[in-house]
Amino acid sequence: MNLQEFVAEVEAQRAWRAHGVRAPHKPLTILYGIKLALNGTRLIPYREAAPELSSLLVRFGPPTDPNPQDPAWRLAQHDGVRTRIWEVRSEHPIRSDRSNNPRVRDLNDFASIGLSEEAYALFHDNPAAARA
(Lines give C-alpha, C1' and ligand atoms only; values in the text may rest on other atoms or scores of the structure.)
Protein backbone atom coordinates (compact mmCIF):
# COMPACT_ATOMS: atom_id res chain seq x y z
CA MET A 1 0.00 0.00 0.00
CA ASN A 2 1.28 3.45 -0.83
CA LEU A 3 0.22 6.76 0.68
CA GLN A 4 -2.18 7.59 -2.16
CA GLU A 5 -3.97 4.26 -1.70
CA PHE A 6 -4.18 4.85 2.05
CA VAL A 7 -5.66 8.31 1.53
CA ALA A 8 -8.18 6.92 -0.97
CA GLU A 9 -9.29 4.30 1.58
CA VAL A 10 -9.67 6.96 4.27
CA GLU A 11 -11.65 9.22 1.93
CA ALA A 12 -14.01 6.31 1.14
CA GLN A 13 -15.04 6.08 4.79
CA ARG A 14 -18.47 7.48 5.57
CA ALA A 15 -18.52 10.06 8.32
CA TRP A 16 -21.42 10.54 10.68
CA ARG A 17 -22.91 14.02 10.34
CA ALA A 18 -25.28 16.05 12.46
CA HIS A 19 -26.51 19.53 11.62
CA GLY A 20 -23.99 19.77 8.79
CA VAL A 21 -21.04 19.00 11.07
CA ARG A 22 -18.88 15.98 10.32
CA ALA A 23 -17.92 13.91 13.35
CA PRO A 24 -14.16 13.45 13.78
CA HIS A 25 -14.41 9.96 15.29
CA LYS A 26 -12.97 7.95 12.39
CA PRO A 27 -10.18 10.40 11.50
CA LEU A 28 -9.10 10.60 15.15
CA THR A 29 -9.14 6.82 15.43
CA ILE A 30 -7.01 6.51 12.30
CA LEU A 31 -4.54 9.06 13.66
CA TYR A 32 -4.38 7.02 16.86
CA GLY A 33 -3.53 3.95 14.78
CA ILE A 34 -0.80 5.89 12.95
CA LYS A 35 0.64 6.99 16.30
CA LEU A 36 0.75 3.36 17.40
CA ALA A 37 2.50 2.37 14.17
CA LEU A 38 5.12 5.08 14.61
CA ASN A 39 5.77 3.64 18.08
CA GLY A 40 6.06 0.08 16.72
CA THR A 41 2.63 -1.23 17.77
CA ARG A 42 0.17 -2.53 15.21
CA LEU A 43 -2.65 -3.93 17.34
CA ILE A 44 -3.60 -2.98 20.88
CA PRO A 45 -6.30 -4.52 23.08
CA TYR A 46 -9.44 -2.46 22.70
CA ARG A 47 -9.77 -2.15 26.50
CA GLU A 48 -6.37 -0.39 26.55
CA ALA A 49 -7.14 1.87 23.59
CA ALA A 50 -10.65 2.91 24.64
CA PRO A 51 -9.67 5.39 27.40
CA GLU A 52 -7.25 7.29 25.13
CA LEU A 53 -9.69 7.25 22.21
CA SER A 54 -12.44 8.53 24.53
CA SER A 55 -10.16 11.33 25.69
CA LEU A 56 -9.45 12.33 22.08
CA LEU A 57 -13.16 12.33 21.26
CA VAL A 58 -14.00 14.45 24.30
CA ARG A 59 -11.26 16.92 23.44
CA PHE A 60 -11.82 17.20 19.67
CA GLY A 61 -15.30 15.79 19.07
CA PRO A 62 -18.81 17.17 19.35
CA PRO A 63 -20.29 17.69 22.81
CA THR A 64 -21.76 14.21 23.07
CA ASP A 65 -20.80 11.07 24.92
CA PRO A 66 -17.71 9.61 23.29
CA ASN A 67 -18.28 6.20 21.76
CA PRO A 68 -14.84 4.95 20.75
CA GLN A 69 -16.27 1.54 19.95
CA ASP A 70 -18.09 2.88 16.89
CA PRO A 71 -15.13 4.06 14.79
CA ALA A 72 -12.90 1.28 16.13
CA TRP A 73 -15.47 -1.22 14.82
CA ARG A 74 -16.71 0.50 11.66
CA LEU A 75 -13.30 1.37 10.21
CA ALA A 76 -12.66 -2.33 9.60
CA GLN A 77 -15.53 -2.62 7.07
CA HIS A 78 -17.06 -0.30 4.52
CA ASP A 79 -20.34 -1.36 2.89
CA GLY A 80 -19.76 -4.92 4.12
CA VAL A 81 -16.26 -5.19 2.64
CA ARG A 82 -13.07 -5.30 4.71
CA THR A 83 -11.08 -2.12 4.40
CA ARG A 84 -7.37 -2.03 3.71
CA ILE A 85 -6.65 0.40 6.55
CA TRP A 86 -8.03 -1.02 9.81
CA GLU A 87 -8.37 -4.31 11.61
CA VAL A 88 -10.40 -5.63 14.51
CA ARG A 89 -8.88 -8.95 15.53
CA SER A 90 -10.58 -11.37 17.88
CA GLU A 91 -10.40 -15.08 18.55
CA HIS A 92 -14.07 -14.91 19.57
CA PRO A 93 -17.01 -13.51 17.62
CA ILE A 94 -17.85 -9.89 18.41
CA ARG A 95 -21.61 -9.75 18.69
CA SER A 96 -23.47 -6.79 17.27
CA ASP A 97 -27.04 -5.60 17.09
CA ARG A 98 -29.20 -5.12 13.98
CA SER A 99 -27.53 -1.77 13.29
CA ASN A 100 -24.09 -3.42 13.44
CA ASN A 101 -23.25 -1.73 16.74
CA PRO A 102 -20.73 -3.93 18.53
CA ARG A 103 -21.18 -5.12 22.08
CA VAL A 104 -18.66 -3.11 24.06
CA ARG A 105 -18.16 -5.97 26.49
CA ASP A 106 -17.09 -8.25 23.62
CA LEU A 107 -14.65 -5.62 22.35
CA ASN A 108 -13.23 -5.18 25.84
CA ASP A 109 -12.98 -8.90 26.50
CA PHE A 110 -11.76 -10.19 23.15
CA ALA A 111 -10.72 -7.59 20.56
CA SER A 112 -7.53 -5.89 19.53
CA ILE A 113 -7.64 -2.95 17.14
CA GLY A 114 -5.24 -1.07 14.92
CA LEU A 115 -4.02 -0.45 11.42
CA SER A 116 -4.12 -3.29 8.92
CA GLU A 117 -0.81 -5.01 8.18
CA GLU A 118 -0.28 -3.04 4.98
CA ALA A 119 -1.25 0.33 6.51
CA TYR A 120 1.00 -0.41 9.49
CA ALA A 121 3.92 -1.16 7.16
CA LEU A 122 3.34 2.11 5.31
CA PHE A 123 3.82 4.21 8.46
CA HIS A 124 6.16 2.01 10.49
CA ASP A 125 8.60 1.47 7.62
CA ASN A 126 8.36 5.07 6.40
CA PRO A 127 7.61 7.48 9.28
CA ALA A 128 7.87 10.45 6.89
CA ALA A 129 4.55 9.26 5.37
CA ALA A 130 2.83 10.44 8.55
CA ARG A 131 3.94 13.99 7.81
CA ALA A 132 2.91 13.93 4.16
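Predicted model: local features only at pLDDT ≥ 70, side-chain atom pairs only at ≥ 80, totals over all residues.

Residues are numbered from 1 along each chain as its sequence is written, and side-chain values use heavy atoms, with hydrogens and water left out.

Reader: Is Ser116 buried or exposed?

Author: Ser116 sits in the loop between β7 (111–115) and α6 (117–125); helices (H or I, at least four residues) and strands (E, at least two) are DSSP runs, numbered from the N terminus. Buried means under 20% relative accessible area, exposed over 50%, partly exposed in between (1.4 Å probe, protein chains only). Ser116 comes in at 5% relative accessibility, so it counts as buried.

Reader: Which residue forms a salt bridge with Arg42 through its side chain?

Author: A salt bridge here is a side-chain nitrogen of Lys or Arg within 4 Å of a carboxyl oxygen of Asp or Glu. Arg42 is buried at 15%, and its N-to-O distance in the bridge is 3.9 Å. The partner is Glu117.

Reader: How many residues apart in sequence are the parts tied together by Arg42 and Glu117?

Author: Arg42 lies in the loop between α2 (25–38) and β3 (43–45), whereas Glu117 is in helix α6. The pair therefore ties together parts separated in sequence by 75 residues.

Reader: What is the relative accessible area of Asp109?

Author: Asp109 forms a salt bridge with Arg105, with the closest N and O atoms 3.4 Å apart. Asp109 is partly exposed, at 43%.
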